[in-house]
Number of protein chains: 2
Amino acid sequence: MLERFLVPDQDRVYVQHDDMHAATKAIFNKMGLSESNSQTSADALMTSDLRGCESHGVSNMLRRYVGWYNTGEMNPTPNVRVTRESDTTANLDGDEGLGLHVLPIATEMAIEKARKHGTGTVVVHNSRHIGMLAYHAMMPMREDMIGWCVTAGNPLNAVPTFGAEPRFATNPWAWAIPADKEPPFVFDVATTQVAGNKLALADRIGAPMEPGWITGMDGSPVMEENTKLPPKGEYLMLPFGGTREQGSHKGYGFAAIADVLGNILSGMPAGFLLPPQPQMLNHFIQAINIDALTDVGKFKSDMDDSLRGLRETKPAPGHDRVVYAGLPEHEETEVRLRDGIPYHREVVEWFESIRDELGLDYELR
Amino acid sequence: MLERFLVPDQDRVYVQHDDMHAATKAIFNKMGLSESNSQTSADALMTSDLRGCESHGVSNMLRRYVGWYNTGEMNPTPNVRVTRESDTTANLDGDEGLGLHVLPIATEMAIEKARKHGTGTVVVHNSRHIGMLAYHAMMPMREDMIGWCVTAGNPLNAVPTFGAEPRFATNPWAWAIPADKEPPFVFDVATTQVAGNKLALADRIGAPMEPGWITGMDGSPVMEENTKLPPKGEYLMLPFGGTREQGSHKGYGFAAIADVLGNILSGMPAGFLLPPQPQMLNHFIQAINIDALTDVGKFKSDMDDSLRGLRETKPAPGHDRVVYAGLPEHEETEVRLRDGIPYHREVVEWFESIRDELGLDYELR
């Protein structure tokens, strides 16, 4: 993440991974999720926090999940079932369940199909938030497969290029590709200039915007330097690229593809034609068995050479080094497993207050 | 394409599609390609010119193809063969053949596998330039399938974010998704800020650069307005996004994925580890059978609603309308089939000179 999204020093409270995992799992369990679904959901959120991607960890979303369970907008005990299937594909009804634990069911099916037939492709409709998309894309790697996924749905916040009305959610893409000795390539990006949860983070810590990140409500890109995020409901988001000259049609196109793969291919209408409430996300995941296309040993060794070459690229003036997607996150995971995870004190306070409210008994500090 | 890439009025020579197709096919035929491969190769280039994407049509590349046939760097009669295969996947040796007609062999295999098993994924190693990538991605649409592909290899011209050395070719992605009554969604983008062939076009017509399109040879982004393209060898290209603040790590990531799918998954090393000569491109194509995941009629009707909704989005101030990928190209095709294709006079002059050199007898004006 950009430096500006880090929690400021004076607001940091360090919490050990295992403590926060236990607290998160206890909350999910209290919401009515099974032991196993609570475990998977906590794993997904904590993987995000360990990787330094706190925008998609417990800080922003867990309180919203609790809210949705409380209002009945999310089903704590979904009956996930297959609505269409072929040798290599399946379509699942997520039964209004949290994507954190629903999408892994689809991913396991995709992996199994890829093991038998070379590739596996599974879509999920009628599901909910999936946390950090990379968590899901990374699952096929343990079987020497490439994993990739997208998710799409609502809420709408992103305009198409030249548009003045929102047509897409942040519709992210994630890819995970294994190597041998090098940390794997793990790529996870919103198709907007900045992920929605990163804007929420920026708002909490008062970080400034860059030109071309958002538009006014008439669709005009905000091109001033160092502006603060306007209040919710007074801005829209630009596709990645920002302006047309800087390639926003590329972000728009990748957003539109995610909309098709997640929503339309799973049997739903386009994201902007879904009812606005409850918030729905529909998913697409694919596992590609490397062995079906080339020698796995050679592939992983070539990946090592590629990733090493990328990180050893001579840096441009003003930069220490070149990284590749997944490398800083891998390094951050090692640091945070050792030193604890730096949360904003406001997040830890929320955990303490919900603990008392729900009658749980974890300690975070 | 951006307005600035259009051929200026005073330099335009209009040529009818059928005339230019016949000339192009005759040249391929003279290079030693079979009747059928000449036809496919001419189709691919002319589809690009009809769609208003002259950067990837006959203007820039045909003379280079002729050069490569003349020096023996490209094989006019490749023996394309399967080197690995599963139910849903295959790996082909392109035998140094032009991707324009080699990749369609892979695509037909992917379509056939998708018809039987739900999806088909085929990689091709040891091939050459593929022209406009969308031509290939569009093939599965005729069978109610989604098509997508990437290509990667050399020459290297793009830096990774913060890098001072080129690590990627323009490594493009293309996606084609059918609708019912609306023109299909067809997306085709370089993972650099601007396609290499568009820079060549801009150079020919003297169009200015935008900030964040290229770097100096030390990797520093050129951020001045309205600069002219430096001579070849004196600049490098930025991933889409341009600067890190504007999301160049997204362009870098998509470039790296294309490098893996095209090069490493097809059994080759990373693009920057390939020998620099001859220019090699390796490809990945996938066909997804819509029927394997959802009802085809519903899908196409939902696509119509989605695409109509996108083009009817209220435009931002200063813009006439919102388009989606493939819509302007569809409209341009109708205009150009009727009025002819506007080539730069220098291109038509090249066709006339090569005609005389090769002893051919077409007329273009």
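**Exercise 1. The two copies**

What rotation, and what shift along its axis, superposes chain A on chain B?

*Solution.* This is a predicted model, in which local features need pLDDT of at least 70, side-chain atom pairs count only at pLDDT 80 or more, and totals for chains, interfaces and linings use all residues. Residues are numbered from 1 along each chain as its sequence is written, while chains are lettered from A and ligands numbered from 1 in the order in which they are written.

Step 1. Superpose by least squares on the C-alpha atoms of residues with pLDDT of at least 70 in both copies. The rotation is 180 degrees, the shift is 0.0 Å, and the RMSD is 0.0 Å.

Step 2. Name the relation: this is a two-fold axis.

Step 3. Find the residue of chain A that comes closest to the axis. A:Gly241 does, with its C-alpha at 2.5 Å.

Step 4. Check the confidence. pLDDT is the predictor's confidence in each residue, from 0 to 100. Chain A averages 94, and 99% of its residues score at least 70. ipTM and pTM are both given as 0.96.

**Exercise 2. The interface**

Which elements of chain A give two or more residues to the side that touches chain B?

*Solution.* Step 1. Count contacts (C-beta atoms, placed from the backbone, within 7 Å). 70 residues of chain A meet 70 residues of chain B.

Step 1. Assign them to elements: DSSP runs numbered from the N terminus, helices being H or I of at least four residues and strands E of at least two. The contributors are strands E3 (89–93), E4 (119–127), E6 (173–177) and E7 (185–189), plus helices H7 (248–262) and H8 (296–311) of chain A. H8(A) gives the largest share, eight residues.

Step 2. Ala, Val, Leu, Ile, Met, Phe, Trp, Tyr, Cys and Pro count as nonpolar, Asp, Glu, Lys and Arg as charged, and the others, Gly among them, as polar. The side of chain A that touches chain B has 32 nonpolar, 25 polar and 13 charged residues.

**Exercise 3. A residue in a strand**

Is A:Ala287 buried or exposed?

*Solution.* Step 1. Recall the cut-offs: 20 or more other C-beta atoms within 10 Å is buried, 12 or fewer is exposed, and in between is partly exposed, with C-beta atoms placed from the backbone.

Step 1. Apply them. A:Ala287 has 29 C-beta neighbours inside 10 Å, so this residue is buried.

Step 2. A:Ala287 is in strand E10 (residues 281–289) of chain A. Among the residues touching A:Ala287 are A:Ile111, A:Pro140 and A:Met145.

Step 3. Widen the view. Of the 365 residues of chain A, 58% are buried.

Key
Contact = placed C-beta atoms within 7 Å. Lists of a residue's contacts leave out its neighbours within four places in sequence.
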